[in-house]
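Try each task yourself before you read the solution under it.

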Amino acid sequence: MSFEQIVFYLLAFVAVVSGLMMISIKNPVKAALWLVLAFISTAGIWILAQAEFLGLVLILVYVGAVMVLFLFVVMMIDINLAVMKEGFTRYLPLGVVASLAIFGLMMLVLGPERFGLEHYAAPERVAANFSNTEALGIPLYTTHAYAFILAAVLLLVGIVAAITLTLRRRPNSEVLYQDIDKQVKTLAKDRFRMVKMDATVEKSIEAQEKA
């Protein structure tokens, strides 16, 4: 067994354990940290497969930005851990059955009968000046350009749908909405009112008592 295979099995083991801990642990903050570890180990596997660009993007985007945002949101909101713990035992059998079904389907498609060094050779060694980003970008914007544009359109539709659901109007609701157009058109005279008052001299408490 070569050194690369040892590193691969080590990273794969860490990724599997991190994924199991992420879905089984009850603390949301610790679950997010286990997910970060799963992302880092997966990025290491991609780097071993000579997909350095994807591995670095996974670390920079997901670990460095998305998961940090998740951690801030989880730590800022008030999560009732008692309510979360109640449904864990109730849905545990269903979760185990679903997990075994998904694992079985993955083994049928990604099992050792179809994948492995026995069926596919290891990636060829490339020169030091080889650009992994260029090798990924050229087929993405040429051969798979229509699929890339379609994926971008679907993501845009999903963003618009999420914003629409968030900002939907409720007639009998007490939620306050921000009217940007009304705020921009507001004049200073509509917000401030100058009131003239006569100057008065207030006597101190001691002066009032002497009087």
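**Exercise 1.** Find out which residues of α2 are buried.

*Solution.* Keep in mind that this is a predicted model. Start with the helix itself: α2 covers residues 28-48, which makes 21 residues. From its first C-alpha to its last it reaches 31 Å, close to the expected 30 Å. Now go along it and pick out the buried positions: Pro28, Ala31, Ala32, Val36, Ala38, Phe39, Ser41, Ala43, Gly44 and Ile45. Just past the end of α2, glutamine 50 has a positive phi of about 65 degrees.

**Exercise 2.** Decide how the rings of phenylalanine 39 and tyrosine 62 are arranged, and say whether each residue is buried or partly exposed.

*Solution.* The structure has 3 aromatic pairs. In this one, the centres are 5.4 Å apart and the planes make an angle of 55 degrees. An angle under 30 degrees would be stacked and one over 60 edge-to-face, so 55 degrees counts as tilted. The partners sit 23 residues apart in the chain, phenylalanine 39 in α2 and tyrosine 62 in α3. Next, check the cover: phenylalanine 39 has a relative accessible area of 18%, so it is buried. Tyrosine 62 has 41%, so it is partly exposed.

**Exercise 3.** Work out which helix gives the largest share of the nonpolar surface patch.

*Solution.* The patch includes Trp46, Phe53, Tyr62 and Leu136, and its residues together have about 820 Å² of accessible area. Both α2 and α3 (52-76) supply at least two residues. The largest share, 7 residues, comes from α3. Phenylalanine 53 lies in α3, and at 32% relative accessibility it counts as partly exposed.

How values were computed. Residues numbered from 1 in each chain as written. Predicted model: local features only at pLDDT ≥ 70, side-chain atom pairs only at ≥ 80, totals over all residues. Heavy atoms only, no water. Helix = DSSP H or I, 4+ residues; strand = E, 2+ residues; numbered from the N terminus. Expected span 1.5 Å × (residues − 1). Buried < 20%, exposed > 50% of the residue type's maximum accessible area, 1.4 Å probe, protein only. Patch = residues over 30% accessible without salt bridge, like charges linked within 9 Å, V, L, I, M, F, W, Y side chains within 5 Å. Areas by Shrake-Rupley, 256 points an atom, 1.4 Å probe, with all protein chains shown as cover. Salt bridge = Lys/Arg side-chain N within 4 Å of Asp/Glu carboxyl O. Phe/Tyr/Trp six-rings, centres within 6.5 Å; stacked < 30°, edge-to-face > 60°.
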